[in-house]
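Please read it beside the sequence and the model.

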Amino acid sequence: MSRNYKFRDQESPYFISFGTVHWIDVFVRSQYKDILVDSLNHCIQNKGLVIYGWVIMTSHIHLIIGTKQEKMQDIVRDFKKYTSKAIVQAIRENPRESRREWMLWMFERAGKKNGNNTNFQFWQQNNKPIELSDTIMIDQKLNYLHNNPVEEGFVIESHDYKYSSAIDYADGKGLLEVELV
């Protein structure tokens, strides 16, 4: 079912995804997912990021976003820069991280292969935002990202997955301020 979306004095939203280098399953621990949530909340409160939909999977994140303040590419750049450093530091300091040495080695190896980095690379660089210019595209992307945890077998119902906006669309309250479309 398609709805008629209106975005208050804003451009169309964008669907964007970015994954960890080599699709490393970093986000199997809540501690690392919480860094992403905290950073997204910071971007909402301080940079004018608008989130219409989101989900964190084990190796990547999907977002439907807009902005009412800073340029979207600047927000995404700053988000990726901050979270990459914060998550790598959290991995380094986590005594319970059984894959610590391997993950740090993979991030360092990826960084050395990319001249844009100095020490490591956490996120892949190839995020290609897709403008969602009509209701069919918005519905399709919202359904896709909300069903990701169901498809992966994490939950039976999409609104039961904590790290997603599906709960907001089921009349609940999730971890981020989501503008429902």
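Glutamate 108 counts as partly exposed, at 35% relative accessibility. The model is predicted, and a search of the whole structure finds 8 salt bridges.

**Salt bridges**

- Glutamate 108 and lysine 112 join their side chains in a salt bridge (3.2 Å, N to O); lysine 112 is exposed, with a relative accessible area of 65%.
- About one helical turn separates glutamate 108 and lysine 112, because they lie 4 residues apart in helix H3 (residues 100-112).
- One network, made by salt bridges that share partners, joins Lys47, Glu70, Asp74, Arg77 and Asp78.
- Within helix H2 (residues 72-93), aspartate 74 and arginine 77 are 3 residues apart, so about one helical turn separates them. Their side chains meet in a salt bridge (3.2 Å, N to O).
- Aspartate 74 is partly exposed at 24% relative accessible area, and arginine 77 is partly exposed at 48%.
- Arginine 100 and glutamate 101 form a salt bridge (3.7 Å, N to O) between their side chains.

**Helix H4**

- The 17 residues of helix H4 (residues 135-151) should span 24 Å at 1.5 Å a residue, and the end C-alpha atoms, 23 Å apart, agree with this.
- At the start of H4, the backbone nitrogen of isoleucine 136 has a side-chain oxygen of aspartate 134 within 3.1 Å.
- H4 bends by about 25° at leucine 145, with proline 149 following within four residues.
- Buried residues in H4 include Ile138, Leu142, Leu145 and Pro149.
- The partners against which the buried residues of H4 pack include strand S1 (14-19) and helix H5 (166-169).

Notes. Residues are numbered from 1 along each chain as its sequence is written. This is a predicted model: local features need pLDDT of at least 70, side-chain atom pairs count only at pLDDT 80 or more; totals for chains, interfaces and linings use all residues. Side-chain values use heavy atoms; hydrogens and water are left out. Helices (H or I, at least four residues) and strands (E, at least two) are DSSP runs, numbered from the N terminus. The expected span of a helix is 1.5 Å times one less than its number of residues. The bend at a residue is the angle between axes fitted to the seven residues ending there and the seven starting there. Buried means under 20% relative accessible area, exposed over 50%, partly exposed in between (1.4 Å probe, protein chains only). Contact means heavy atoms within 4.5 Å. A polar contact is a pair of N or O atoms within 3.5 Å; within protein, one must be able to donate a hydrogen and the other to accept it, and residues adjacent in sequence count only if both atoms are side-chain atoms. A salt bridge is a side-chain nitrogen of Lys or Arg within 4 Å of a carboxyl oxygen of Asp or Glu.
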